[in-house]
Amino acid sequence: MRRLTIALLVLSCFSCTGCNVKSVEKLLGLGGDKNSITVVVDPKTQSVVVATTQQFTVTVTGSSNIAVAWSVGGTNCATQDCGSISAAGLYTAPTAIPNPALVTITATANANSADFGAAAITIIVAPAPASAMLRGTYTFLLSGSDAEGLLSIGGAFEADGTGQLFNGKMSLCRSEFHCSDQFFAGATASTDANNGTFAADIFPASTFTFSPAPNHVLKLELNGSRNLRASGILSPNATSADN
């Protein structure tokens with residue numbers, strides 16, 4: 001009886017227009033229209049500092065089994081440390097940059113090992129602190145006040161990359177027509193606290209702090225004698241930015 005039923009189904013199919021093998025498979029319950037499994041890893045690309053961690057997530061569709069197996073790979077990773085990844089997708093970067101620095105993170109679907117998603121990681125060193133960028137010529141522009149009222153300060157200096165500032169000069173303006181040019185000396189920039197000191201004729205004891213700001217400039221804060229308070233930007237010239 002079963003063979004007769006199957007035969008009738010096949011004959012029925014081929015007696016209609018547009019039938020094909022998939023139609024027969026569907027009639028017989030042998031497959032057809034199976035959902036494929038998709039594995040997506042996020043983020044897809046990421047830079048990770050040596051000896052730090054990065055969390056990756058995965059989305060699995062097309063299967064009720066959403067579990068995956070994580071793995072790390074890349075050129076020469078069999079002979080050097082490229083980092084590791086936990087069962088929860090937490091990647092730990094190696095303590096040294098591998099060669100090449102590009103590492104691949106793969107999440108393979110447990111439901112089907114042929115389905116997987118991947119992400120590309122570039123291992124990098126920790127970014128240099130803002131103070132370490134003080135090498136070359138810098139210009140600054142500040143606005144604020146002191147005991148005499150509102151003021152603006154513009155100027156420039158050179159930095160040797162070791163925390164020493166020299167050839168400092170500035171123009172202090174209390175109004176559009178009342179400006180005075182001054183040189184400052186004894187300037188230093190701390191490479192561990194993003195701050196420094198300098199002495200000028202009108203401000204014999206002053207301190208400044210700087211921190212990263214958008215567009216490759218630094219935010220500058222100035223404090224000194226005579227109730228000096230000013231803030232603005234510290235900008236490297238073109239050659240300084242390349243150092």
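Colleague: Which hand does the disulfide of Cys173 and Cys179 have, and why?

Modeller: A disulfide is a pair of cysteine sulfur atoms within 2.5 Å. The torsion about the S-S bond of Cys173 and Cys179 is about 110°, so this disulfide is right-handed. Its sulfur atoms lie 2.0 Å apart. Please note that this is a predicted model, in which local features need pLDDT of at least 70 and side-chain atom pairs count only at pLDDT 80 or more, while totals for chains, interfaces and linings use all residues. Residues are numbered from 1 along each chain as its sequence is written, and side-chain values use heavy atoms, with hydrogens and water left out.

Colleague: Are Cys173 and Cys179 buried or partly exposed?

Modeller: Buried means under 20% relative accessible area, exposed over 50%, and partly exposed in between (1.4 Å probe, protein chains only). Cys173 is buried at 18%, whereas Cys179 is partly exposed at 40%.

Colleague: How many disulfides does a search of the whole structure find?

Modeller: The search finds two. Cys77 and Cys82 form a disulfide with their sulfur atoms 2.1 Å apart. Here the S-S torsion is about -95°, so the disulfide is left-handed. Cys77 is buried, at 18% relative accessible area, and Cys82 is buried, at 4%.

Colleague: How should I read the strand order of the open sheet of four strands?

Modeller: Strands of a sheet pair through backbone hydrogen bonds, either parallel or antiparallel. Strands (E, at least two residues) are DSSP runs, numbered from the N terminus, and two strands pair if DSSP finds at least two bridges between them. In this open sheet the order is 2-9-8-5, with mixed pairing. Strand 2 (45-49) and strand 5 (68-73) stand at the edges with a single partner strand each, so one side of each has no neighbour in the sheet. Strand 5 and strand 8 (residues 102-109) run antiparallel and are joined by six bridges; Ala69, for instance, has Thr108 in strand 8 as its bridge partner.

Colleague: What lines the largest cavity?

Modeller: Rolling a probe the size of a water molecule over the atoms shows where empty space is left. On a 1 Å grid over the protein atoms alone, a cavity is a set of points where a 1.4 Å probe fits but cannot get out, and lining residues have an atom within 4 Å of a point. The largest cavity is lined by 14 residues, with Phe140, Phe157, Phe198, Phe208 and Leu220 nearest its centre. Strands that each supply at least two lining residues include strand 10 (135-146) and strand 16 (217-224).

Technical notes. On a 1 Å grid over the protein atoms alone, a cavity is a set of points where a 1.4 Å probe fits but cannot get out, and a pocket is an open set with protein on both sides within 12 Å along at least five of seven lines; lining residues have an atom within 4 Å of a point.
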